[in-house]
Amino acid sequence: MGFLGQAWTIAWKDILGELRTREMVFSMLLFGFLVILIFNFGIEPGLRDEALVKPGVLWSAFVFAGILGLNRSFSSEKENDCLQGLLLCPVDRAVIYLGKFLGNFVFVLAMSLAVLLFFSVLYNVDVIAVLPGLLAILGLATVGFSAVGTLFSAVSVGIKTRDVLLAILLFPVLVPVILAAAKSSAFVMNGEGLFAGGSWLAMLVVYDVVFLAVSVMLFDYVLEE
Amino acid sequence: MAEEQTLKRAFAEAPPSVIERRGGRGGGRSLWVDALGASSILAILFALYLALIWAPTEAVMGDIQRLFYFHVAAAWLALGPSFGVVAACSVLYLWKKDLRFDRIASASAELGVMFTTITLVTGPIWARPIWGAYWTWDPRLTTTLVLWFIFVAYLMLRSAVDAGHKRARLSAVFGIVGWIDVPIVFMSIRWWRTIHPTVIASEGGGLAPDMRLTLFVAIGAFTLLYAYLLVVRVRQEDLATRLDRVRHQLYLR
């Protein structure tokens with residue numbers, strides 16, 4: 001089995017577990033819906049720049065809901081010493097990282113798509129017309145989010161205050177992703193096309209590449225026992 | 001009290017091997033540290049004189065501009081040496097597994113919080129009369145704020161984990177990721193918007209020679225202060241580690 005095959009096996013283990021228990025994606029989803037709902041009360045209807053606020057609402061929902069999933073990513077491995085078993089797998093640590101990363105990527109993406117639908121109905125944004133552009137941005141941003149998120153989820157797993165600590169560690173580091181994703185999706189939602197915000201897309205790609213590489217290198221040290 | 005007496009008794013009975021390294025790493029006073037401390041105090045006083053009395057008053061902004069010397073010096077230390085030392089020592093720790101690098105990184109992060117806070121406090125005081133607002137979401141301001149959050153997160157992480165190699169590993173990983181992140185944060189916000197004045201541009205900026213000299217003295221003075229505080233803090237941590245070790249050995253016997 002190749003490198004990616006091994007990583008996918010680990011990811012599939014997480015996805016299968018989730019399909020059977022359905023405990024995480026639903027809570028993420030509901031939380032994402034709630035963020036969309038709560039933001040609605042903070043925004044005055046008929047606001048002059050309402051169109052500019054919408055991508056911000058969407059990305060806040062993604063980030064807040066996504067971090068719930070990241071919290072579970074490694075702490076679920078704590079039960080029954082699964083983490084020990086995972087570390088005993090005869091594979092490279094980088095494979096374990098990539099496997100967990102793929103799992104998180106799938107969960108966060110699935111949640112985001114459902115939240116996007118909810119958002120499009122409640123905020124009267126026609127996402128169908130601009131779907132390819134939004135999907136591209138969503139995919140790129142989710143890679144960056146899950147790359148750093150998976151690493152920090154592993155960092156915070158053994159810590160008593162891990163839930164709040166993960167948010168404190170992750171949010172400042174995610175600033176470029178959130179900014180670039182919100183800005184480029186504003187271009188897309190205004191019908192200017194995906195490449196109107198070309199430099200923002202480039203930033204997302206750079207962020208993804210840099211932090212995937214850095215995380216793969218550093219993950220080795222995080223779970224060293 | 002009881003603990004103190006137990007310790008005293010244990011210390012009296014301890015074999016020489018435990019207590020012989022009295023003058024070792026982190027122990028006692030040291031001439032060069034005192035000299036560093038004295039020179040940083042003198043440098044700060046000199047910088048204060050230059051900035052508050054000697055330097056000419058800025059024609060448009062008036063006296064409020066004098067804040068600038070310390071604002072820039074603190075910002076330089078926060079973004080440059082403080083974070084640079086955190087990142088470098090994080091890498092060195094992961095490579096060499098020497099906890100001393102971890103202690104240096106931690107001390108530097110603490111100073112980073114201090115200098116970032118000075119930057120974030122002096123900035124708005126100046127900005128209120130000059131820009132008409134305490135805060136704008138400019139790249140440098142926002143990056144400094146994000147930097148502050150990263151430093152604080154680093155220290156929060158440290159406070160949540162028990163001292164030792166695990167804490168050193170986890171905080172080193174976070175320190176490296178944070179350090180790589182800061183330039184990207186800066187670039188991203190730079191594309192977003194900017195109104196911050198560029199003081200030291202490649203063409204020399206718009207600074208009078210006297211003001212420039214004052215600025216460099218202030219930067220030098222703050223850098224000396226940073227070096228002194230870093231050394232003191234690291235020695236303190238070294239001593240605490242040694243004390244822990246001695247205590248451990250004494251109780252185990």
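**Figure 1. Contacts and overall build of chain A.** In chain A, residues 24 or more positions apart account for 83% of the contacts with a separation of 6 or more; two residues are in contact if their C-beta atoms, placed from the backbone, lie within 7 Å. The model is predicted, so to speak of a local feature takes a pLDDT of at least 70, and side-chain atom pairs count only at pLDDT 80 or more, while totals for chains, interfaces and linings use all residues. Residues are numbered from 1 along each chain as its sequence is written, with chains lettered from A and ligands numbered from 1 in the order in which they are written. Chain A has 8 helices and 0 strands, where helices (H or I, at least four residues) and strands (E, at least two) are DSSP runs numbered from the N terminus. The C-alpha trace of chain A spans about 55 × 30 × 30 Å along its principal axes. Its radius of gyration is 18 Å, close to the 17 Å that the globule rule gives for 225 residues, so chain A is as compact as a globular protein of that length. That radius is taken over C-alpha atoms, and the globule rule is 2.2 Å times the number of residues to the power 0.38. Buried residues make up 47% of the 225 residues in chain A; a residue is buried if 20 or more other C-beta atoms lie within 10 Å of its own, exposed if 12 or fewer, and partly exposed in between, with C-beta atoms placed from the backbone.

**Figure 2. Where chain A touches chain B.** The contact takes 23 residues from chain A and 24 residues from chain B. On the chain A side, the elements giving two or more residues are α6 (131–155), α7 (162–189) and α8 (198–222). The largest share, 9 residues, comes from α7(A). What kinds of residues make up the side of chain A that touches chain B? They divide into 19 nonpolar, 2 polar and 2 charged. Here Ala, Val, Leu, Ile, Met, Phe, Trp, Tyr, Cys and Pro count as nonpolar, Asp, Glu, Lys and Arg as charged, and the others, Gly among them, as polar.

**Figure 3. Helices α3 and α8 of chain B.** Chain B has 8 helices and 0 strands, and 34% of its 253 residues count as buried. The axes of α3(B) (residues 31–54) and α8(B) (residues 209–252) come within 8 Å and cross at roughly 150 degrees. Axes are lines fitted to C-alpha atoms, for helices over the stretch in contact, and angles run from 0 to 180 degrees between N-to-C directions. The two helices are therefore roughly antiparallel to each other (angles under 35 degrees count as roughly parallel, over 145 as roughly antiparallel, 65 to 115 as roughly perpendicular and the rest as oblique). α3(B) passes α8(B) in a left-handed crossing; a crossing is left-handed if the near helix is turned anticlockwise from the far one by less than a right angle, and right-handed if clockwise. Residues making the contact include Leu36(B), Phe46(B) and Trp54(B) of α3(B), and Leu224(B), Tyr228(B) and Val232(B) of α8(B). The residues of this contact divide into 18 nonpolar, 5 polar and no charged.

**Figure 4. Helices α5 and α8 of chain B.** Now look at α5(B) (residues 99–131), whose axis comes within 9 Å of that of α8(B), with a crossing angle of roughly 135 degrees. That makes α5(B) oblique to α8(B), and the crossing is right-handed. Among the residues that meet here are Arg103(B), Ile104(B) and Glu110(B) in α5(B), and Leu230(B), Arg233(B) and Asp238(B) in α8(B). The residues of the contact divide into 7 nonpolar, 1 polar and 5 charged.

**Figure 5. Two asparagines of chain A with positive phi.** Most residues other than glycine have a negative phi. Asn80(A) has a positive phi of about 55 degrees although it is not a glycine. This residue sits in the loop between α3 (50–75) and α4 (82–88) of chain A, and Asn80(A) is exposed, with 8 other C-beta atoms within 10 Å. For Asn124(A), phi is near 50 degrees, again a positive value. Asn124(A) is in the loop between α5 and α6 of chain A and is exposed, with 9 other C-beta atoms within 10 Å.

**Figure 6. Met61 in a loop of chain B.** Met61(B) lies in the loop between α3 and α4 (67–96) of chain B. Is Met61(B) buried or partly exposed? With 14 C-beta neighbours inside 10 Å, Met61(B) counts as partly exposed. Met61(B) and Trp126(B) are 65 residues apart in sequence, and their C-alpha atoms are 9.3 Å apart in space.
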